[in-house]
Amino acid sequence: MSVAPKRPKGPHLNAMRAFEAAARHVSFVAAAEELNVTAGAISQHIKTLESWAGMPLFRRNAQGVDLTRAGQTLAADFTAAFDRLADATYALRNLKPNADFHIATLPSIAQLWLPKRLSRIRERFPEISFSVTAMESPPSLARELFDLSIFFATPDGSPDQISICRDEILPVCASSRAGLATLQDAFPNMALLHDQSWVSDWSIWAKSAGLPIPDPQSGAKFSLYSLAVEEAKAGAGALMGHLCLIEDPLASRALMPMHDHICDTGRALVVQMPQASRRRPETEQVITLLADLSLP
């Protein structure tokens, strides 16, 4: 009679993945954002791993978490292991001819900046399906199967990072409301429009321009910058325009500048690539087309 003895089992892969992300970020919340689960799920996975190991890997406190000595000892090996797994996963994906090309980006970039450039890219690579995922925070390209991410960020000089253009802002409004003599004249009669992610825009610009604004936080706030742009075009108020995102309404004169002072926020529209060994053959050409600012 054949015998099938019960073999010892290791911890679940998801529990180990949760530990690696939490150890790398030293945060259950950041790990949860990266893995697209709840912080509670991360906590439960780690409790399962700690139970299997028979010792704590994190210290929980009111400020968050810290790695124990045991957790610190394990963290580097787990990160190296999941780096290798990511390498293998990218290699497996890239075996497929004309595999989908995945781009992660901020919703405002996806809606206002990327479409006409992506149209040109699709013409150049008709055999490839380009997918866009809009998200508020950049994904980890070391862990997720994105080929590029495009976000506003402070350039860090990394060889895996390309700055497309500076993030410059100035106040704009609908052409129908651009007849006011000065920007100061406009404020008593025109509401300020805000994107919830950039609530400090008016304050930043006013300080740079040396122009006091009575209440730079007042006015309507929108969860999507594209909605704020549409409201500004409709004459609902004055918007702090991010120039790279309002190229078309400025060109068509649907929006008009309200002042000649342009403020550099210190950030740039940045394309982030995976490390060289994980890139698709078309990646550099795609970036060249994205960086082509002479689009009609």
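User: At roughly what angle do the axes of helix α1 and helix α2 cross?
Analyst: This is a predicted model, in which local features need pLDDT of at least 70, side-chain atom pairs count only at pLDDT 80 or more, and totals for chains, interfaces and linings use all residues. Residues are numbered from 1 along each chain as its sequence is written, and side-chain values use heavy atoms, with hydrogens and water left out. Helix α1 covers residues 13–25 and helix α2 residues 28–35, helices being DSSP runs of H or I with at least four residues. Their axes come within 8 Å and cross at roughly 125 degrees.

User: Which orientation class do α1 and α2 fall into?
Analyst: Angles under 35 degrees count as roughly parallel, over 145 as roughly antiparallel, 65 to 115 as roughly perpendicular and the rest as oblique. With a crossing of roughly 125 degrees, α1 and α2 are therefore oblique.

User: How many residues of the contact of α1 with α2 are charged?
Analyst: Contact means heavy atoms within 4.5 Å. On the α1 side, Arg17, Ala18, Ala21, Ala22, Arg24 and His25 meet Phe28, Ala30, Ala31, Glu34 and Leu35 in α2. The contact residues divide into seven nonpolar, one polar and, with Asp, Glu, Lys and Arg counted as charged, three charged.

User: Is Val26 buried, partly exposed or exposed?
Analyst: Val26 lies in the loop between α1 and α2, and its phi is near 50 degrees, a positive value in a residue other than glycine. Buried means under 20% relative accessible area and exposed over 50%, with partly exposed in between (1.4 Å probe, protein chains only). At 37% relative accessibility, Val26 is partly exposed.

Technical notes
Axes are lines fitted to C-alpha atoms, for helices over the stretch in contact, and angles run from 0 to 180 degrees between N-to-C directions. Helices (H or I, at least four residues) and strands (E, at least two) are DSSP runs, numbered from the N terminus.
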